[in-house]
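Me: I have a model open and want to learn how to read it. Can you take me through a few features?

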Amino acid sequence: MPVSPKQARTWKHRSWVAFLIVPPVVFMTLFVVYPILSAFAYAFYEWRGLARGEFVGLANFRDVLFGPTMAPVVWNAFLHNVYALVALMIIQNGGGFFLAWLLYKEPFGFRFHRVAVFVPVVLSTIIVGFLWKLFLNPNFGLINQALYTVGLDSLAKPWLGDSSTALGALILANAWHFVGFPTLVYLAGMQRIPSEIIEAARLDGTTEWQLLKNVVWPLVAPSTTILFTLLFIGAFNWFEIPYVMAGLDGSPFGSTDVLGLVFYRTAFGNQSASIQNFGQGSALATLIFLFIVVFASMLTLWLRRREIQF
Amino acid sequence: MKLTRRLLLGAAAGGYLLSAGAAMAKTELTFWSWRQEDKAFYNEIIKKFQEKEPEISVKFETYAPENYQTILSTALAAGRGPDVIQVRAYGNLETIATPGYLLALDKQNVPELANFPEASLAAETLRSDGKVYAVPFAMQTQLVVYNKKIFKDNGLNPPKTWDELMSVAQALKAKNISPFANGTATAWQNETIVGGLLSSMLGKQFEEDIVSGKANFTDPRFVNALTKLKDVSQYFSPNFTGVDYPSSQQLFVAGRGAMFAGGSYEIANFKNQNPTLDLGVFSAPVLKAGDQALVATYYDGGYAVNAKSDKKDAALKFVRFLATPEYGTAFTNQLKNLSPIKGIKIEDPITQEVAKLAENSMSYLMLVRFRYQEPSGSVLLQSNVQKMLAGQQTPEQAAAEINKGIATYYKPFQK
C-alpha cells in the first residue's frame with residue numbers, strides 16, 4: 001500500500017512522540033506505580049519478618065487505626081503532624097511571605113539577602129538537624145549560652161529534652177531550613193504583579209498593610225496554592241528533622257513522634273523493638289498516602305478557586 | 001586463521017584453569033556481618049582458619065548496621081544470602097530463624113557448643129522449637145564505669161551500697177564535678193541506666209518471679225528501685241533531660257563527669273577517644289550491705305549457617321572454628337569485648353574486671369525477656385523512665401504503665 005508523504009510525516013511524528021513518552025512511562029511504572037501498588041498489597045497480608053504469611057484482609061488497617069497497641073501511637077503522631085502543619089503554615093509560609101515582601105521592595109543589600117535566605121534550603125537536612133541539635137544543647141549550646149549572657153537564665157531549658165518544647169524546637173529548625181523556599185516562590189509571584197496595579201493602589205493612598213492584604217496577597221494566590229499544597233504534603237510526610245534531632249522513638253517519651261517515624265519503626269523495627277511488622281507498616285503507609293492524596297487534592301481545588309486571573 | 005588459533009589457545013588456557021581449579025577444589029564461603037569496624041580482625045581470623053583448612057576460603061562482607069537486618073532478610077527470603085551469617089539475638093534472631101532460613105545447631109554438628117554457658121545459648125535459641133541457631137559471640141554487661149583519677153583526687157572509693165553511692169555523688173557535686181555524665185534525651189539510654197544502677201536492688205529473685213508470673217512490674221521491688229533512680233538523677237549531668245547519648249559520652253571522656261552508668265562496650269570507646277583515661281567498673285550498688293551485687297548481662301548475637309547453603313559442611317567447619325577458646329581469646333583481647341566461650345585467657349585488666357563482675361549477674365531484663373512482641377518491654381521502660389525522670393510521672397505510674405503494656409501479650413500478667 002502506497003504511503004502518502006503526509007501519512008509518513010504523521011507516522012514519523014507519532015513514533016517520535018512515543019519514543020519520548022514510553023521510556024519515562026516504563027520507568028515510572030516500574031519504580032513508582034509498582035512499589036506503591038505492592039505496598040498496598042503487602043498491607044493485606046500477615047508478615048513474619050520478610051516472609052509473607054496469610055492473607056488477613058483489613059486486619060492490619062484495623063490494628064493501625066483502632067488496635068490497643070498501635071492506635072494510641074498513631075493518633076499521637078498524627079496530632080503532632082497536624083501541629084507541625086499549622087505551625088509551619090504560619091511560621092514558614094507566613095514568614096516567607098513577609099520576607100518576600102521585604103526583598104521585593106529591594107532594600108539595601110537585597111541581592112545578598114535574596115541569596116542568604118535561600119542558602120539553608122540547599123543544605124542537607126542531616127547537617128541542619130545536627131547544627132540545630134548543637135545550638136539547642138542545654139549545656140554548651142548557642143541558645144542557652146545566649147540566654148545566660150543576657151541574664152535570662154530562667155528561660156534557658158533543655159529544649160530537646162523537655163516534652164513541652166521539643167516539638168516546637170523541631171518545627172523552628174524546619175522553618176529555618178526551608179523558609180527560603182516560600183520566600184523565593186512568593187517573590188517570583190510578587191514580581192509577576194503588574195507594577196501599575198501597585199502604583200495605582202499607592203496613588204489611592206493605601207497603607208502598607210492594606211496594600212499587602214487587599215492587593216498583593218490576593219494576587220499571589222497561585223503561589224499560595226502551590227506552597228500550601230506542598231507544605232501539606234511535607235508536613236504529613238515529615239521525617240528527616242525529627243529523625244535526626246529526636247531519634248526514631250520521638251524522644252522524649254513520644255512528644256516528637258510523627259507518622260513517618262511510626263511507619264519506619266513499625267516496618268523496619270528499631271534498636272529497642274526488634275519486631276519488624278511489614279503488614280502494619282504497609283497499612284500505615286497506605287493510609288498516609290491516601291490521606292495526603294485526598295486532602296491535598298481537596299486543598300488544591302479549594303485554593304484554585306480563589307485565584308484571580310490578570 | 002588467526003581467529004582459529006586464538007580460539008584454540010583460549011580453549012587450552014581455559015581447560016588448564018579448570019583442571020587446576022578441580023585439583024585445588026577450593027570452596028569459597030561468604031560471611032556477612034554488620035561489623036565494618038572489625039574487618040581487619042575477621043580477615044586475620046580467616047587467615048588462621050585457612051592454616052587449618054586450606055581448602056576453604058572465606059569472603060567477609062559487611063553492611064551498615066541500620067540496614068543489615070533488612071538486607072539480610074531480603075536476601076534470605078529470595079533463597080540467596082551468605083553461607084555464614086552474623087545474626088543478632090533474642091527477638092531479632094526470631095525474625096530470621098522462624099521462617100527456617102538458619103540451620104539448627106546441636107552438639108552433633110557443632111560439638112564446641114559444650115563450651116558455652118546456658119544463658120548464651122538461650123540467647124540464640126528459637127523459643128518455638130527450643131533449638132540453637134547460632135554460635136554466640138559476645139556478652140555485654142550493664143554496670144557503672146568510673147574515672148579512677150577523679151575518685152582518687154577526691155579521696156573517694158567506688159561505692160558498694162546505695163547510701164555510699166549517694167554520699168560519693170554528693171561529695172563530687174560539692175566539688176563542682178558532675179557525679180554522673182549520663183543524660184536521658186536519647187531514649188535507649190534510659191534502659192542502660194536502669195541496667196547499670198538498679199540490677200542489685202531488683203535482684204535475681206525478682207527476675208525469676210517475673211518469669212514465673214509470681215510478680216509483675218508493679219512489684220514493690222521494681223517501684224522502689226525506680227524511686228531510688230529518680231532520687232539519684234539529681235546527680236546526672238546538668239540539664240540531663242536534654243543531654244543526648246553522644247553529649248554524655250563526651251562529658252565523661254572530657255573528665256567532666258565521674259561515673260557513667262551504661263554498657264561495658266563503652267570502655268573501649270572511651271579509651272579510644274581519650275587513651276589517658278584510667279577507668280574502673282563496679283556493679284549496681286546494693287540496697288543494704290550483704291545483699292548480692294549484680295550487673296545486668298545479655299548476649300549480642302552469634303554466627304549462624306544458612307540452611308539453604310550448598311556448602312554447609314565447609315560453613316559448619318568455619319562456625320566450629322568460631323566456637324573454639326582460641327577464637328574466643330583473640331576476640332576478647334583484640335576487640336575488648338567479652339566472648340562467652342569458657343576457658344579464654346583475658347589480657348586486658350579492665351576486661352578481666354568486667355568478666356569478674358559478670359560472674360554475678362541477672363539478665364538485662366527487657367532485652368532478654370520482653371523484646372519479642374509489641375509494645376516491647378524496652379520501649380516501655382525507656383519512655384516511661386524518661387518521663388519519670390523528667391518529673392512528669394511518679395515511679396508508681398511508670399511501673400503501672402510498663403506493666404500495662406507488657407500485660408497486653410504476656411499471659412502471666414493478665415491474671
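This is a predicted model: local features need pLDDT of at least 70, side-chain atom pairs count only at pLDDT 80 or more; totals for chains, interfaces and linings use all residues.

Me: How is chain B divided into domains?

Reply: Domain 1 takes in 26-138 + 300-323, and domain 2 takes in 140-298 + 359-414. Their C-alpha centres lie 32 Å apart.

Me: How many residues of the two domains of chain B are in contact?

Reply: An interface is often sized by the accessible area lost when the parts come together. Here we have contacts: 6 residues of domain 1 of chain B touch 6 residues of domain 2 of chain B. On the domain 1 side, helix 4 (residues 90-97) of chain B gives the most, with 3 residues. By class, that side has 3 nonpolar, 1 polar and 2 charged residues.

Me: Next, a helix. Which residues of helix 2 of chain A are buried?

Reply: In helix 2 (residues 59-66), they are Asn60(A), Phe61(A), Asp63(A) and Val64(A). Look down the axis of helix 2 of chain A: the buried residues fall within an arc of 160 degrees, so they line one face of the helix. Their cover includes helix 3 (70-104) and helix 14 (278-305) of chain A.

Me: Last, Tyr299(B). Why does Tyr299(B) count as buried?

Reply: The cut-off is 20 or more other C-beta atoms within 10 Å. Tyr299(B) has 29 such neighbours, so it counts as buried. Tyr299(B) sits in strand 9 (residues 295-299) of chain B.

Me: What is Tyr299(B) in contact with, beyond its neighbours in sequence?

Reply: Its contacts include Ala89(B), Ser120(B), Pro136(B) and Pro340(B). Ala122(B) is 177 residues away from Tyr299(B) in sequence, yet 9.3 Å away in space, C-alpha to C-alpha.

Notes:
Residues are numbered from 1 along each chain as its sequence is written. Chains are lettered from A and ligands numbered from 1 in the order in which they are written. Domain bounds come from an automatic or database domain assignment. Two residues are in contact if their C-beta atoms, placed from the backbone, lie within 7 Å. Helices (H or I, at least four residues) and strands (E, at least two) are DSSP runs, numbered from the N terminus. Ala, Val, Leu, Ile, Met, Phe, Trp, Tyr, Cys and Pro count as nonpolar, Asp, Glu, Lys and Arg as charged, and the others, Gly among them, as polar. A residue is buried if 20 or more other C-beta atoms lie within 10 Å of its own, exposed if 12 or fewer, and partly exposed in between; C-beta atoms are placed from the backbone. The arc is that of the directions from the helix axis to the C-beta atoms. Lists of a residue's contacts leave out its neighbours within four places in sequence.
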